[in-house]
Amino acid sequence: MESLDKTKLRKETINRLKNLPIDEKKQIEMEIMERLLSSELWTNAETIGITMAQNFEWATEPIIEAGWKQKKRMVVPKCIPADKQLDFYEISSFDQLEAVYFNLLEPKPDQSRFVQKKGIDLLIVPGILFDRSGYRIGFGGGYYDRFLVDFNQKTASLCSGDQLVDQIPKEKYDLPVQYVITNKEIIHA
């Protein structure tokens, strides 16, 4: 029952995000990025894990570029579909990325440096819908829930106020993030 609810909520929210006017999307992205970059989470992190956003998600390229300017190590995940795992690689240029399945941009392992899980200070966890307890509805693959099981550093997700709901349907393997950063506030879950 819960996964049916999650599937419906995921689809409805993605449709809403896809139909957001461009100028409104850009404004929200700028506000989210400013809030993240001015946070202690960002300031205290040397190595930051972050995905390459898809079109309807909040842009992550400007965040990665800001990290490079501040001499932070920016690491991007590569999905390992066989066991639904994530491997993170440090990139210093977008040229180190390639389009893979579903047109996702991922690092080319032969042109990037592998970074162990414990070497990531702050992990920006993607998602579609969030609650104030840090639970989220992701893309349904379970990659991040598996990765978070033994991840002991800081975790945060980025979203607009419209992606924040009172409660997310949870399943036993769902793991919350510690912080939810919106265009209006930082929530310590």
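## The second largest pocket

Ala 53, Gln 54, Glu 57, Ala 59 and Thr 60 lie nearest the centre of the second largest pocket, which is lined by 22 residues. Helix 2 (22–37) and helix 4 (61–69) are the elements that give two or more residues to this lining, and helix 2 gives the most, with six residues. The pocket has a volume of about 440 Å³. By class, its lining has 13 nonpolar, four polar and five charged residues.

This is a predicted model, in which local features need pLDDT of at least 70 and side-chain atom pairs count only at pLDDT 80 or more, while totals for chains, interfaces and linings use all residues. Residues are numbered from 1 along each chain as its sequence is written, and side-chain values use heavy atoms, with hydrogens and water left out.

A pocket is found on a 1 Å grid over the protein atoms alone, as an open set of points with protein on both sides within 12 Å along at least five of seven lines; a cavity is a set of points where a 1.4 Å probe fits but cannot get out, and lining residues have an atom within 4 Å of a point. A volume is the space filled by probe spheres set on the points, which are joined across faces, edges and corners. Helices (H or I, at least four residues) and strands (E, at least two) are DSSP runs, numbered from the N terminus. Ala, Val, Leu, Ile, Met, Phe, Trp, Tyr, Cys and Pro count as nonpolar, Asp, Glu, Lys and Arg as charged, and the others, Gly among them, as polar.

The largest pocket has a volume of about 840 Å³. It is lined by 33 residues, and the closest to its centre are Gly 138, Phe 139, Gly 140, Gly 141 and Tyr 143. Two or more lining residues come from each of helix 1 (2–18), strand 2 (73–80), strand 5 (105–107), strand 9 (136–137) and helix 5 (143–148). Helix 1 gives the most, with four residues. The lining divides by class into 17 nonpolar, eight polar and eight charged residues.

One cavity of 30 Å³ or more is held in the structure. The largest cavity has a volume of about 150 Å³. Of its 13 lining residues, Glu 57, Trp 58, Thr 60, Pro 126 and Leu 158 lie nearest the centre. Eight residues of this lining are nonpolar, four are polar and one is charged.

## Nonpolar cores

A nonpolar core is a set of buried Ala, Val, Leu, Ile, Met, Phe, Trp, Tyr and Cys residues joined through side-chain atoms within 4.5 Å. Buried means under 20% relative accessible area, exposed over 50%, and partly exposed in between (1.4 Å probe, protein chains only).

The largest nonpolar core has 27 residues, of which Leu 36, Ile 48, Leu 122, Ile 124, Ala 156 and Leu 158 touch the most other members. At least two residues of this core are supplied by each of helix 1, helix 2, helix 3 (40–44), helix 4, strand 2, strand 7 (122–124), strand 10 (154–158) and strand 12 (179–181). Helix 2 provides the largest share, three residues. Another core lies apart from this one and has 19 residues, among them Phe 88, Leu 123, Tyr 144 and Phe 151.

## Aromatic pairs

Five aromatic pairs are found in a search of the whole structure. Rings of Phe, Tyr and Trp (its six-membered ring) pair if their centres lie within 6.5 Å; planes under 30 degrees apart count as stacked, over 60 as edge-to-face and the rest as tilted. The rings of Phe 56 and Phe 139 have centres 6.2 Å apart and planes at 55°, so this pair is tilted. Phe 56 lies in the loop between strand 1 (47–49) and helix 4, and Phe 139 in the loop between strand 9 and helix 5, so the pair ties together parts that are 83 residues apart in sequence. Phe 56 is buried, with a relative accessible area of 11%, whereas Phe 139 is partly exposed at 36%.

The pair of Trp 68 and Phe 94 is also tilted, because the ring centres are 4.8 Å apart and the planes at 50°. Phe 88, Phe 147 and Phe 151 form one aromatic cluster.

Val 115 is in strand 6 (residues 113–115) and counts as buried at 5% relative accessibility. Leaving out residues up to four places away in sequence, Val 115 touches Thr 47, Arg 73, Val 75, Phe 88, Tyr 89, Glu 90 and Ile 120, where contact means heavy atoms within 4.5 Å.

Ser 160, in the loop between strand 10 and strand 11 (164–165), is buried with a relative accessible area of 4%. Its contacts, leaving aside neighbours within four places in sequence, are Ile 28, Ile 32, Trp 58, Thr 182 and Asn 183.
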